[in-house]
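This briefing goes through the fold by topic. Have the sequence and the 3D view at hand.

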Amino acid sequence: MSHSLFLLPGDGIGPEAMAEVVKIIDHMNSAMGADFVTDTGLVGGCAYDAHGAAISEGDMAKAMNADAVLFGAVGGPKWDAVPYDVRPEAGLLRLRKDLQLFANLRPAICYPALADASSLKAELVEGLDILIVRELTGGVYFGEPKTITDLGNGQKRAVDTQVYDTYEIERIAGVAFELARTRKNAVCSMEKRNVMKSGVLWNQVVTEIHKAKYSDVKLDHMLADAGGMQLVRAPKQFDVIVTDNLFGDMLSDVAAMLTGSLGMLPSASLGAPDAKTGKRKALYEPVHGSAPDIAGQGIANPIAMIASFAMCLRYSFNMVTEADRLEKAIANVLDKGIRTGDIMSEGSTRVGTTAMGDAILAEFKALSA
Ligand code: NAD
């Protein structure tokens with residue numbers, strides 16, 4: 001069965017990192033019997049230069065019809081002054097909105113070879129493998145009213161609205177429980193029910209759906225601030241963490257930093273399963289940006305992009321063995337001391353983007369033989 005992949009490399013180091021994924025896709029097609037059909041579009045600054053928009057309607061339609069979208073990165077100083085609604089990030093926001101990608105998956109995996117690069121003690125993070133499931137389309141970032149009002153007495157009042165409906169909590173909790181079943185079968189739900197009504201409802205809904213549909217999964221609840229503390233005190237206690245948009249934004253960045261460089265971190269954003277096909281809309285992207293400071297130099301770390309493709313294999317195509325092998329290939333290459341500049345350490349071999357991609361592909365081939 002063929003799988004359609006829509007590639008949006010974007011700006012800066014995005015295309016350099018994506019090129020390394022394309023090599024893996026080509027290998028899987030030519031030597032492993034995979035049938036990926038790829039198409040490539042423009043997003044971000046390069047789309048603005050070509051079409052005057054952060055993503056064209058034609059490319060939006062292709063993204064909507066693809067089985068999965070692989071996204072590189074967008075932005076750069078060249079486009080700092082373009083109008084707000086066509087700024088590079090608008091392309092990513094449009095994709096998330098139109099594809100209704102409500103579940104953001106951010107793994108924090110600490111490869112043993114990089115444990116010393118963490119800001120925490122190596123024994124706290126070595127072998128760390130947690131998954132933060134963040135609600136992405138609701139909550140305080142989107143709630144109305146969202147205003148700044150002049151009170152007329154020299155004061156202004158800013159209002160953001162934290163708002164969640166039952167169905168929004170149910171569907172994100174469902175994603176977390178289902179993913180936990182494929183991992184260590186434990187979910188920790190984080191909110192602030194002690195001070196927020198949305199936290200009270202969040203807690204109730206997660207508890208109810210757990211009882212009704214997922215009672216085989218271990219469920220804990222934690223206040224989000226305590227969760228932040230626990231993440232830096234003893235991160236390995238967690239398997240899957242599910243939380244809202246705002247807390248997820250912060251907690252996933254905290255978790256990310258446990259593992260070292262931005263160049264290592266993949267992510268996935270998933271939508272609801274299609275009623276007919278059961279397939280979820282999905283977009284996979286590294287957490288890092290377009291890194292204009294190193295773009296075009298061939299030194300960017302492609303691991304976050306390659307690990308995002310591994311997530312795509314796992315979550316969009318259920319190619320679990322291949323995803324495991326690709327992740328193992330990354331770990332093996334790191335074990336051999338092969339490093340891009342951002343994760344360089346004494347005694348390791350410094351390589352560029354292409355050589356890192358080649359090393360991972362060679363390891364992936366060896367593991368698949
Ligand atoms: P950034 O992630 O691009 O870079 C931060 C630092 O990390 C830089 O020093 C960069 O060289 C380094 N870095 C990032 N990824 C790396 C990699 N793969 N290999 C080696 N080093 C890497 O964040 P920034 O500098 O704040 O933003 C740069 C541009 O990217 C801005 O225009 C910003 O708006 C945009 N941005 C886009 C996204 C996205 O596309 N999803 C996310 C964040 C920032």
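Predicted model: local features only at pLDDT ≥ 70, side-chain atom pairs only at ≥ 80, totals over all residues.

Residues are numbered from 1 along each chain as its sequence is written. Helices (H or I, at least four residues) and strands (E, at least two) are DSSP runs, numbered from the N terminus.

**Sheet**

- An open sheet of 10 strands has the order β2-β1-β3-β12-β11-β4-β5-β10-β8-β9, with mixed pairing; two strands pair if DSSP finds at least two bridges between them.
- The edges are β2 and β9 (218-223), each with a single partner strand, so one side of each has no neighbour in the sheet.
- On average, neighbouring strands of this sheet are turned by 20 degrees against each other, direction ignored.
- Strands β1 (residues 3-10) and β2 (residues 36-40) run parallel and are joined by five bridges. F6 stands opposite D39 in β2.
- Between β1 and β2 the chain passes through helix α1 (residues 14-31), in a right-handed β-α-β crossover (right-handed if, with the strands pointing away from the viewer, the path from the first strand over the helix to the second runs clockwise).
- Strands β4 (residues 103-109) and β5 (residues 129-135) are antiparallel partners over seven bridges. A103 has E135 in β5 as its bridge partner.
- Helix α7 (residues 197-213) lies across β8 (186-191) and β9, and runs at about 160 degrees to β8.

**Helix packing**

- Axes are lines fitted to C-alpha atoms, for helices over the stretch in contact, and angles run from 0 to 180 degrees between N-to-C directions.
- Angles under 35 degrees count as roughly parallel, over 145 as roughly antiparallel, 65 to 115 as roughly perpendicular and the rest as oblique.
- A crossing is left-handed if the near helix is turned anticlockwise from the far one by less than a right angle, and right-handed if clockwise.
- Residues are in contact if their C-beta atoms, placed from the backbone, lie within 7 Å.
- Ala, Val, Leu, Ile, Met, Phe, Trp, Tyr, Cys and Pro count as nonpolar, Asp, Glu, Lys and Arg as charged, and the others, Gly among them, as polar.
- Helix α6 (residues 166-181) and α7 cross at roughly 50 degrees, with axes that come within 9 Å. That makes α6 oblique to α7. Their crossing is right-handed. The contact includes I169, A173 and F177 of α6 and L201, W202 and V205 of α7. By class, the contact of α6 with α7 has eight nonpolar, three polar and one charged residues.
- Helix α10 (residues 303-315) and α11 have axes that come within 7 Å and cross at roughly 160 degrees. The two are therefore roughly antiparallel to each other. The crossing of α10 past α11 is left-handed.
- Helix α11 (residues 320-335) packs on helix α12 (residues 353-368) at an angle of about 125 degrees, with the axes 8 Å apart. α11 is therefore oblique to α12. α11 passes α12 in a right-handed crossing.

**Backbone features**

- Most residues other than glycine have a negative phi, and most peptide bonds are trans.
- E144 and P145 are joined by a cis peptide bond, with omega about 0 degrees. P145 is in the loop between β5 and β6 (147-150).
- Q100 is not a glycine, yet has a positive phi of about 50 degrees. Q100 lies in the loop between α4 (88-98) and β4.

Key
Contact = placed C-beta atoms within 7 Å.
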